[in-house]
Amino acid sequence: MLPYGHQTIDEFDIRAVAEALDKDWITSGPLVEEFEDAFAETVGARHAIAVSSGTAALHAAAFAGGLGPGAEAVTSPLTFVATANCALYQGARPVFADVSPDTLNLDPDQVASQLTERTRALLPVDYGGHAAELDAFAALADRHGLVVIEDACHALGAEYRGRPVGSLAHMTVFSFHPVKHITTGEGGIVTTDDPQLARRLRLFRNHGIDSDARQRQQEATWVYGMVALGYNYRLTDVQCALGLSQLAKLGRWVERRRAIATRYSAALADIPEVELPQVLPWCRPSWHLYVVRLRLELLAVGRMEVFRALRAENIGVNVHYPLVPRHPYYQELGYSSDGLPVAEREQSRLLSLPIFPAMSDGDVDDVAEGIRKVVTACRAR
Ligand SMILES: *Cc1c(COP(=O)(O)O)cnc(C)c1O
């Protein structure tokens, strides 16, 4: 089975990890800072704070951004649950606004209509690796005194109006899960230009304590204070060794993802039952996902049958995502997808095709041929 995403690990990665294991610090040591500095430089941000997962990064950003009981954060229903959960972790309320039919990213007009006096944060997601409308969200945030937390877990390496994702929102969150652009096994990072936010993010990942073990060793002191309720969300030196080694390959991998997307779009262009992903002129996506939409009215079967037929062809298609407010937990909290007609309609016909840098052109052609075969067999007549 060709999966929808997969990590690439080479001998340099393995050597970097082995060398890190042989050093004094195997949890948070000098490699954490080295990785943070290299990452911040890559995305054009002043500060990067590495944590134990993308979810931890979202939680830390929700804390640093001041989300708490009584506050609301407006986000997309078409995302991984962790995006909205970070508000719940902080006792705040996620509010879902509808997406745009073109990119499936949060629609700024829909977001504007969901603002209340309780709104504290905007949480756009760069769906599939296509940047959200960040200027529009920045303008809304300025006007209403909000913080923008961009969930860029799909968008490492993407560009928005010529600027790299990671340098644009108050805080930008990335994940290093193995299906993402680079991996540390589990891991995540928050980037920001704001030194106060950076300080609060560092505090949060280390129990809310105002210094770390290495600082205390360097300063020859045992004194520390816990000043906020934080967590142990630290990333280790061993993971950061892998992260540094992976980061060196990011540019090549993003180019490869773009080439795969271009090849898919050419190979699938003449299949009327398949709508291709749209790219707006101001964005260079980094293609975490390649998501097509089925024209179900042209098919004699539903998405599930197409999905199963493609799986039977060993094509690891997937659906990103079930709408967050439709999950049982959210339903119990009283959420529904009422008022989200675009997300509801478009979600029902999405299909993610395999895309990862190690795929060959032959793999891409095989997937395209498999889709042609299945769709032709399922065509309504
Ligand atoms: C992967 C992902 C996350 C969570 O990242 P983890 O590292 O798996 O915790 C959050 N949001 C989005 C959109 C993601 O794709």
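This is a predicted model: local features need pLDDT of at least 70, side-chain atom pairs count only at pLDDT 80 or more; totals for chains, interfaces and linings use all residues.
# Exercises on pockets, cavities and the ligand

His 6, Gln 7, Thr 8, Pro 178, Lys 180, His 181, Ile 182, Thr 183, Gln 246, Trp 253, Arg 257 and Pro 357 line the second largest cavity.

## Exercise 1

Describe the cavities of the structure, starting with how many reach 30 Å³ or more.

Solution. 

1. Three cavities have a volume of 30 Å³ or more.
2. In the largest cavity there is about 160 Å³ of space.
3. Its lining is made of 15 residues. Thr 103, Tyr 127, His 130, Pro 277 and Gln 278 are the ones nearest the centre of this cavity.
4. Sorted by class, that lining holds eight nonpolar, five polar and two charged residues.
5. The second largest cavity has a volume of about 60 Å³.
6. Four nonpolar, six polar and two charged residues make up the lining of the second largest cavity. Lys 180 and Arg 257 are among the lining residues.

## Exercise 2

Find the volume of the largest pocket and state which helix gives the most to its lining.

Solution. 

1. The volume of the largest pocket is about 550 Å³.
2. Helix H2 (30–43), helix H7 (195–205) and helix H8 (213–218) are the elements that give two or more residues to the lining of this pocket.
3. Of the elements, H8 gives the most, with five residues.
4. The lining counts 25 residues, and those nearest the pocket centre are Arg 205, Asn 206, Ser 211, Asp 212 and Gln 215.
5. By class, the lining of the largest pocket has seven nonpolar, eight polar and ten charged residues.

## Exercise 3

Characterise the second largest pocket by volume, lining and contributing helices.

Solution. 

1. About 350 Å³ is the volume of the second largest pocket.
2. The pocket is lined by 22 residues, and Phe 80, Ser 175, His 177, Lys 180 and Tyr 321 lie nearest its centre.
3. At least two lining residues come from each of helix H3 (54–64) and helix H4 (81–89).
4. H3 supplies the largest share, three residues.
5. The lining of the second largest pocket splits into eight nonpolar, eleven polar and three charged residues.

## Exercise 4

Where does the ligand sit, and which residues come nearest to the ligand?

Solution. 

1. The ligand sits in the second largest pocket.
2. The elements that give two or more residues to the shell around the ligand are H3 and H4.
3. H3 has the largest share of this shell, with three residues.
4. There are 16 residues around the ligand, and Gly 54, Thr 55, Asp 151, Ser 175 and Lys 180 come nearest.
5. Ser 175 and Lys 180 are also among the residues nearest the centre of the second largest pocket.
6. The shell consists of five nonpolar, nine polar and two charged residues.

## Exercise 5

List polar contacts between protein and ligand, then state what percentage of the accessible area of the ligand the protein covers.

Solution. 

1. Ser 175 uses its side chain, with a polar atom 2.7 Å from an oxygen atom of the ligand.
2. Lys 180 also uses its side chain, where an N or O atom is 3.0 Å from an oxygen atom of the ligand.
3. On its own, the ligand has 380 Å² of accessible area, and the protein covers 92% of this.

Key:
Residues are numbered from 1 along each chain as its sequence is written. Side-chain values use heavy atoms; hydrogens and water are left out. On a 1 Å grid over the protein atoms alone, a cavity is a set of points where a 1.4 Å probe fits but cannot get out, and a pocket is an open set with protein on both sides within 12 Å along at least five of seven lines; lining residues have an atom within 4 Å of a point. Grid points are joined across faces, edges and corners, and a volume is the space filled by probe spheres set on the points. Helices (H or I, at least four residues) and strands (E, at least two) are DSSP runs, numbered from the N terminus. Ala, Val, Leu, Ile, Met, Phe, Trp, Tyr, Cys and Pro count as nonpolar, Asp, Glu, Lys and Arg as charged, and the others, Gly among them, as polar. A residue is near a molecule or strand if one of its heavy atoms lies within 4 Å of it. A polar contact is a pair of N or O atoms within 3.5 Å; within protein, one must be able to donate a hydrogen and the other to accept it, and residues adjacent in sequence count only if both atoms are side-chain atoms. Accessible areas come from the Shrake-Rupley method with a 1.4 Å probe; for residues, only the protein chains shown count as cover. A molecule sits in a cavity or pocket if more than half of its atoms lie within 2 Å of its grid points.
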